Amino acid sequence: MLRVWSDAARFDPARGRPMTWLITIARSRTIDRLRTERRRPQAGGIEEIESLHDPSPSAEDAVAHLESVRRLTDCLNAIATDRRQCIQLAYFRGYTHTELAARLNVPLGTIKSWIRRGLQQLNECLSQ
Amino acid sequence: MSVDQTKYPPAEWNALAAEYALGVLEGEDARAAEELMREEPTFEAAVWQWRERLAPLTDTLEPVTPTADVWQRIQAALPNSPPRLTRQPKIRTFEAGLAFWRGWAITATAAAAAIALYLGVMAITPPPDAGRLVAVLDRPDAAGAGWVATVDPTTNEVSVVALAPPNLAANKSHELWFISADAGRPVSLGLLQTEGRRIVSPGLALQNGIIAVSLEPKGGSPTGQPTGPVIFQGTLRPLPN
């Protein structure tokens, strides 16, 4: 993904790990593409990225990382299904508040409150 | 122009940052968040913290290896001169890091996908611990990984990390076994716990073989051989390098 290359100078290690930065760019590019392709059947963007990785990840790093994946998964699973579904659709499909309301046929206010409370719950669970 | 702080009070910035990181904002809210990103370091930090929190979701996706022409196309599209760097981050580029955003089911198998992703990364990064062996302990029906075991051949220590182990009845224990490809008779490596990491030193060299978990009476098998069903198992493989 060329934007990673051209934006490399803007990477600031103080703000986040390289992987987070990379994922943020990849996700935003993917969502742009999904939004463009939204109405086509079988929409699904393939995003090509270069892996920007901390040098030499050890097996222990990998395992610690798996722990963080598991922790987030556990915390997500603890959230009510409706709210979790909204968060997942937003993260992976790039749906906004209005798009979620239309897709799930739920009033906009309800969607907003589901997401806000879901994220709040996630925050509390991850901070434990 | 700055953001109307009566409408977007600092007390709500964290919630707004979360929604911005998730990408659900639109219209006026999105514009306010973008402006706060530029103007308010606390807000920007909160957004990055949320991106960091949500980033592991990406690893629940199925990893996909790009075809060889992807890297060729990337190389062809790169400018001839490297980007000007304001600082010198340690950047290494590899061809294989590729996220394929097609599914989003969050299941226990996601853990196995994340392992595959990491092994994929290790495959292109000479690992400092070459020679290590790893076994992902899956259910026989491939319904998901319960534990992952790594063996350090220099010390013969086995590190077992619980990923998504099943619930355990109070009168049962999970027991870990090594079944050598040569001898074939299971050797107990001790009892497992359902969370965290456990290091065992069986005092024998673990190389070609299978690591398995059986369901035993509390305290472990009374016979020294598995008495209950094997509920998880995985083949020891070298970490690719």
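Predicted model: local features only at pLDDT ≥ 70, side-chain atom pairs only at ≥ 80, totals over all residues.

Q: What distance does helix H2 of chain B reach from its first C-alpha to its last?
A: Helix H2(B) covers residues 27-39, which is 13 residues. At 1.5 Å a residue, a span of 18 Å is expected. The span in the model is close to that value, at 19 Å.

Q: Why do the buried residues of H2(B) lie on the same side of the helix?
A: The buried residues in H2(B) are Ala32(B), Ala33(B) and Leu36(B). An α-helix has 3.6 residues a turn, so residues three or four places apart point the same way.

Q: Which exposed residues are carried by the face of H2(B) turned away from its buried side?
A: The buried residues of H2(B) have a cover that includes helix H1 (13-22) and helix H3 (41-54) of chain B. The face turned away from the buried side carries exposed residues, namely Gly27(B) and Arg38(B).

Q: Are H1(B) and H3(B) parallel or oblique to each other?
A: The axes of H1(B) and H3(B) come within 8 Å and cross at roughly 50°. Angles under 35 degrees count as roughly parallel, and 65 to 115 as roughly perpendicular. The angle therefore makes H1(B) and H3(B) oblique.

Q: What is the handedness of the crossing in which H1(B) passes H3(B)?
A: The residues of H1(B) that make the contact include Trp13(B), Ala17(B) and Tyr20(B). Those of H3(B) include Phe43(B), Ala46(B) and Trp50(B). H1(B) passes H3(B) in a crossing that is right-handed.

Q: Is Asn156(B) buried or partly exposed?
A: Asn156(B) lies in the loop between strand E3 (145-152) and strand E4 (157-162) of chain B. Although Asn156(B) is not a glycine, its phi is positive, at about 60°. A residue is buried if 20 or more other C-beta atoms lie within 10 Å of its own, and exposed if 12 or fewer. Asn156(B) has 15 C-beta neighbours inside 10 Å and therefore counts as partly exposed.

Q: Which residues is Pro217(B) in contact with, leaving aside its neighbours within four places in sequence?
A: Pro217(B) is in strand E8 (residues 209-217) of chain B, and it counts as partly exposed, with 13 C-beta neighbours inside 10 Å. Its C-alpha atom is separated by 9.3 Å from that of Glu175(B), 42 residues apart along the chain. Leaving aside neighbours within four places in sequence, the residues in contact with Pro217(B) are Asn171(B), Lys172(B) and Pro222(B).

Q: Which residue takes a positive phi just after H4(A)?
A: Helix H4(A) runs over residues 81-93 and reaches 17 Å, close to the 18 Å expected. Its buried residues include Arg83(A), Cys86(A), Ile87(A) and Arg93(A). Just after H4(A), a positive phi of about 75° is taken by Gly94(A).

Q: Are H5(A) and H6(A) roughly parallel or roughly perpendicular to each other?
A: His97(A), Thr98(A), Leu100(A) and Ala101(A) of H5(A) meet Leu108(A), Ile111(A) and Lys112(A) of H6(A). H5(A) passes H6(A) in a right-handed crossing. The two axes come within 9 Å and cross at roughly 115°. H5(A) and H6(A) are therefore roughly perpendicular.

Q: Is Asn105(A) buried or exposed?
A: Asn105(A) is located in the loop between helix H5 (97-104) and helix H6 (108-127) of chain A. Most residues other than glycine have a negative phi. Asn105(A), not a glycine, has a positive phi of about 60°. With 6 C-beta neighbours inside 10 Å, Asn105(A) counts as exposed.

Q: What distance separates the C-alpha atoms of Asp74(A) and Leu126(A)?
A: Asp74(A) is part of helix H3 (residues 59-77) of chain A. It is exposed, with 12 other C-beta atoms within 10 Å. Asp74(A) and Leu126(A) are 52 residues apart along the chain, and their C-alpha atoms are separated by 9.4 Å.

How values were computed: Residues numbered from 1 in each chain as written. Chains lettered and ligands numbered in written order. Helix = DSSP H or I, 4+ residues; strand = E, 2+ residues; numbered from the N terminus. Expected span 1.5 Å × (residues − 1). Contact = placed C-beta atoms within 7 Å. Axes fitted to C-alpha atoms, helices over the stretch in contact; angles between N-to-C directions. Parallel < 35°, antiparallel > 145°, perpendicular 65-115°, else oblique. Left-handed = near helix turned anticlockwise from the far one by under 90°.
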